[in-house]
Amino acid sequence: MANNDPLSAPVLVVGLGRFGSAVARSLVRLGHDVLGVDEDPNLVQRFASEFTHVVAADTTDSEALKQIGADQFDRAVVGIGTDIEASVLTVLSLVELGVSEVWAKAINTKHARILERVGATHVVRPESAMGERVAHMVTGAMIDYIEFDDGFSIARTRAPKLAAGRTLLESQLRARFGVTVVGVKRRGEDFTYARPETSIETSDELIVSGPTKKVESFCALSYT
């Protein structure tokens with residue numbers, strides 16, 4: 001099912017538990033055809049009306065995957081988490097069938113390493129990522145937070161007092177703290193892209209990006 005347009009290309013989703021079904025729903029909402037696969041016929045029946053196609057199959061078997069047309073997909077998501085052996089064998093089978101992009105869910109670091117070694121092109125740890133995100137938000141310094149694998153983060157935080165009443169050019173936040181203010185949200189107004197002449201008020205919220213440690217340090221200033 002090759003498709004030159006990545007914005008509408010069909011996607012194979014293996015494992016229709018909470019993670020896999022959530023990914024599949026989002027893909028359908030974004031306009032993708034989705035083939036959902038699970039070994040549990042009850043789950044297959046449950047999602048039959050939600051996704052483009054749903055089938056029951058043992059995805060650890062390369063031949064079974066080939067019979068359902070998995071080799072015709074350029075992208076696949078493996079949402080199997082609790083059964084590590086099934087997860088790894090499924091990823092290996094998809095790679096051997098020539099699926100060029102395989103996204104796989106891992107439940108721990110060791111699982112993630114194995115998935116990478118057998119050929120998964122992208123490994124995600126949703127529970128770990130969400131735990132990290134919530135921990136940063138619980139501190140009160142951040143309203144929202146996303147960290148990327150390369151030590152880069154984006155956060156939504158309250159403007160520190162040291163920036164209030166000044167433009168971004170005047171406060172020199174990037175030069176002083178090593179973060180970039182991407183956008184500014186003022187109470188009762190929409191977010192606006194930050195410019196050097198953008199002025200900051202005490203009640204403003206900022207979207208900042210930069211190296212994780214520097215973003216954390218900058219957001220901690222919202223307490224002062």
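Trainee: How many bridges join strand E7 to E8?
Mentor: This is a predicted model, with residues numbered from 1 along each chain as its sequence is written; local features need pLDDT of at least 70, side-chain atom pairs count only at pLDDT 80 or more, and totals for chains, interfaces and linings use all residues. Helices (H or I, at least four residues) and strands (E, at least two) are DSSP runs numbered from the N terminus, and two strands pair if DSSP finds at least two bridges between them. E7 (residues 144–147) runs antiparallel to E8, and the number of bridges joining them is 4.

Trainee: Which residue stands opposite Ser 153 in E8?
Mentor: Strand E8 covers residues 152–158, and Ser 153 belongs to its covered face. Opposite Ser 153 stands Glu 147.

Trainee: Which residues form the uncovered face of strand E8?
Mentor: In a regular strand the side chains alternate between the two faces of the sheet. The covered face of E8 holds Ser 153, Ala 155 and Thr 157. The uncovered face holds Phe 152, Ile 154, Arg 156 and Arg 158.

Trainee: Over how many bridges do E8 and strand E13 pair?
Mentor: Strand E13 spans residues 205–211 and pairs with E8 in the antiparallel sense. Thr 157 stands opposite Leu 206 in E13. The count of bridges between E8 and E13 is 7.

Trainee: Why does Val 55 count as partly exposed?
Mentor: Val 55 lies in strand E3, and Val 37 stands opposite it. Not counting residues up to four places away in sequence, Val 55 touches Leu 35, Gly 36, Val 37, Asp 38, Val 44 and Ile 68. Buried means under 20% relative accessible area, exposed over 50%, and partly exposed in between (1.4 Å probe, protein chains only). Val 55 counts as partly exposed because its relative accessible area is 25%.

Trainee: What is the relative accessible area of Arg 113?
Mentor: Arg 113 sits in helix H5 (residues 109–117). The C-alpha atoms of Arg 113 and Val 123 are separated by 8.7 Å, though the residues are 10 apart along the chain. Arg 113 is exposed, so its value lies above the cut-off, at 51%.

Trainee: What is the relative accessibility of Gln 172?
Mentor: Gln 172 is in the loop between helix H7 (168–171) and helix H8 (173–177). Its phi is near 55°, a positive value in a residue other than glycine. Gln 172 counts as partly exposed because its relative accessibility is 37%.

Definitions and conventions:
Heavy atoms only, no water. Contact = heavy atoms within 4.5 Å.
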